[in-house]
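Please open the structure in your viewer and keep the selection tool at hand.

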Amino acid sequence: MYAGGCGDAAVSLGMSLHVPLAYAIRSAFLGAIIISAAKAQAPTPTAIELLGRWTDDYGNAFRITDSLFEQLPSSRYHIVEWNLAERYFVARNDAANKGDAGKWTRVDWTRFEGMAPFTWGFCFTAYRAATQEKARATPPADRETPRTGCNGFPFSRMKPVP
């Protein structure tokens, strides 16, 4: 795994190759332009689309960077691995989190069409895995059924903070 660059974040390109997130974002953006020109289909969400400040449909506030997923005001997850091809990231739960401190989390995401102002949603697919490997190996959320595909619950729908 790559260590360094943009914090400790690295990205998996769906193989055993890990590269710095900033490089992967640039490459994914350029690749998306090329792929979009070649195919007339909806693009896959990239990590750059998730970065920023958000609120979910429950009124919770979030801040996402290339190396940190925060559910404000106090839950923090340190992102150590992005998998753009499979649309998930793995993070270490902050030691100060009230629940499952120091455990590992896998967050799957999906894009939403026709749900404005909500543009994407996420699922805590795993949130208290004992190791990074166990979080990564957790079966993915069911993106085809976003109302129940998150361990029997709906994906949290996200909209940008103006």
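**Aromatic rings**

Begin by selecting F122, which at 2% relative accessibility counts as buried (buried means under 20% relative accessible area, exposed over 50% and partly exposed in between, with a 1.4 Å probe and protein chains only). The model is a predicted one, in which local features need pLDDT of at least 70 and side-chain atom pairs count only at pLDDT 80 or more, while totals for chains, interfaces and linings use all residues. Residues are numbered from 1 along each chain as its sequence is written, and side-chain values use heavy atoms, with hydrogens and water left out.

Now widen the selection to W54, F62, F69, Y77, W82, F89, W109, W120, F122 and F124, which form one aromatic cluster. The structure holds 13 aromatic pairs, where rings of Phe, Tyr and Trp (its six-membered ring) pair if their centres lie within 6.5 Å, and planes under 30 degrees apart count as stacked, over 60 as edge-to-face and the rest as tilted.

Select W82 and W109: this pair is edge-to-face, at 5.8 Å centre to centre and with 70° between the planes. Because W82 lies in strand β6 (residues 75-83) and W109 in strand β8, the pair ties together parts that are 27 residues apart in sequence; helices (H or I, at least four residues) and strands (E, at least two) are DSSP runs, numbered from the N terminus. Both W82 and W109 are buried.

Go on to W120 and F122, a tilted pair with 6.4 Å from centre to centre and 45° between the planes. W120 is buried too, at 5% relative accessibility.

**Charged side chains**

Which residue lies over the face of Y88? Select R106, which is placed there at 3.7 Å from the ring centre (a charge sits over a ring if NZ of Lys or CZ of Arg is within 6 Å of the ring centre and within 35 degrees of the ring normal).

The structure also holds eight salt bridges, each a side-chain nitrogen of Lys or Arg within 4 Å of a carboxyl oxygen of Asp or Glu. Select E49 and R111, whose closest N and O atoms are 2.6 Å apart.

Finish at E70, which is buried with a relative accessible area of 7%. E70 forms a salt bridge with R63 at 2.7 Å between the closest N and O atoms, and another with R76 at 3.7 Å.
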